[in-house]
Amino acid sequence: NAARMTGFSALADKEQFIVVYPNGTGRLGDKILTWNVGNCCGYALDNMVDDVGFVRALIEKLKREYPIDPKRIYATGISNGGMMAYRLACELSDTLAAIAPVAGALYGECKPAHQVAVIAFHGTADQHVLYNGGVPLKQADSHPREDKSVAFAMSFWVKQNQCNAPAQKSERGKVIVEAYTNCRSNADVTLYTLKDFGHAWPQGAKGTAWADDPRAEIAATNVMWEFFKTHPKP
């Protein structure tokens, strides 16, 4: 589903990078898989699955089997996967160069030992992970949850990466870009705010038939890859 939604495989073939789609866990075989991010979601949270350990082991396995540049390892995801991208940056900061959460929230205690570049995408009309934080208006997960705002996540990473404030801000159509540059270790922080956009992958495919409309003025997959290319680890 992530492969279909993001279109990353075609871009990986064109740009010559390796893209990996790991599975979360669930009760129904390969259906309704989730990640344990501390306050969400589903089976993974119920069973306190060590998803950070899983991803670390997966990366080490891939490093052994493929000629990977260890300075160019990145993570992205949407919704629960976006939350997981944040958690990975908190706990695998020695490994990840950058993350690109889509419609995710930063949760819990985050104490990265190293800087990690961040490019985030979030719609102001998202009812599953609210732009300004709070209890979701729509929720598939049964666990009670109150998310932090997008601004909370951005301010955390701007401070963590020792960026020069204020942001360089631009607006075109329904897209607002706030870019914090001159950060330590080249770990810039950029936020794409999509006005009136819901819980979806910008210009991707729908995650489910009843999901929010992904039509947008930017293609998240292309934008984040351009960011990743210019933000390796030092």
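User: Buried means under 20% relative accessible area, exposed over 50%, and partly exposed in between (1.4 Å probe, protein chains only). With that in mind, are Cys40 and Cys41 buried or exposed?

Analyst: This is a predicted model, in which local features need pLDDT of at least 70, side-chain atom pairs count only at pLDDT 80 or more, and totals for chains, interfaces and linings use all residues. Residues are numbered from 1 along each chain as its sequence is written, and side-chain values use heavy atoms, with hydrogens and water left out. Going by the definition you quoted, Cys40 and Cys41 are both buried.

User: How many disulfides does a search of the whole structure find?

Analyst: A disulfide is a covalent bond between the sulfur atoms of two cysteines. Here a pair counts when its sulfur atoms are within 2.5 Å. If we number the bonded cysteines in sequence order, they pair as 1-2, 3-4, 5-6. The search of the whole structure gives a total of 3.

User: Is the disulfide of Cys40 and Cys41 right-handed or left-handed?

Analyst: The sulfur atoms of Cys40 and Cys41 are 1.3 Å apart in the model. To find the hand, look at the torsion about their S-S bond: it is about 65 degrees, so the disulfide is right-handed.

User: What kind of peptide bond joins Cys40 and Cys41?

Analyst: Let's start with the setting: Cys41 lies in the loop between helix H2 (8-15) and helix H3 (42-46). Helices (H or I, at least four residues) and strands (E, at least two) are DSSP runs, numbered from the N terminus. Most peptide bonds are trans. For Cys40 and Cys41, omega is about 10 degrees, and the bond is cis.

User: Which parts of the chain does the disulfide of Cys90 and Cys110 link?

Analyst: The sulfur atoms of Cys90 and Cys110 are 2.0 Å apart, and with -105 degrees about the S-S bond this link is left-handed. Cys90 counts as buried because its relative accessibility is 8%, and Cys110 is buried too, at 11%. The two cysteines are 20 residues apart in distant parts of the chain: helix H5 (residues 80-91) and the loop between E2 and E3.

User: What is the torsion about the S-S bond of Cys163 and Cys183?

Analyst: Cys163 sits in the loop between helix H6 (150-160) and strand E4 (168-172), while Cys183 is in the loop between strand E5 (175-180) and E6. Both cysteines are buried, and their sulfur atoms are 2.1 Å apart. The disulfide is right-handed because the torsion is about 110 degrees.

User: Why do the buried residues of H7 line one face of the helix?

Analyst: In H7 (residues 220-229), the buried residues are Ala220, Thr221, Met224, Trp225, Phe227 and Phe228. Picture looking down the axis of H7 and comparing directions from the axis to the C-beta atoms, which is how the arc is defined. The buried residues line one face because they fall within an arc of 160 degrees.

User: What covers the buried residues of H2?

Analyst: Phe8, Leu11 and Ala12 are the buried residues of H2. They fall within an arc of 105 degrees, so they line one face, and on the other side Ala10, Asp13 and Lys14 are exposed. The cover includes H1, E1 and H7.

User: Which residues is Ala167 in contact with, leaving aside neighbours within four places in sequence?

Analyst: Ala167 is in the loop between H6 and E4, and at 22% relative accessibility it counts as partly exposed. Its C-alpha atom is 5.5 Å from that of Glu178, 11 residues away along the chain. Contact means heavy atoms within 4.5 Å. Leaving those neighbours aside, the contacts of Ala167 are Glu178, Ala179 and Tyr180.

User: What is phi of Ala103, a residue other than glycine?

Analyst: Most residues other than glycine have a negative phi. Ala103 lies in the loop between E2 and E3, and at 2% relative accessibility it counts as buried. Its phi is positive, near 55 degrees.

User: Where is Asn186 found?

Analyst: Asn186 also has a positive phi, near 65 degrees. It counts as partly exposed because its relative accessibility is 35%. You will find Asn186 in the loop between E5 and E6.
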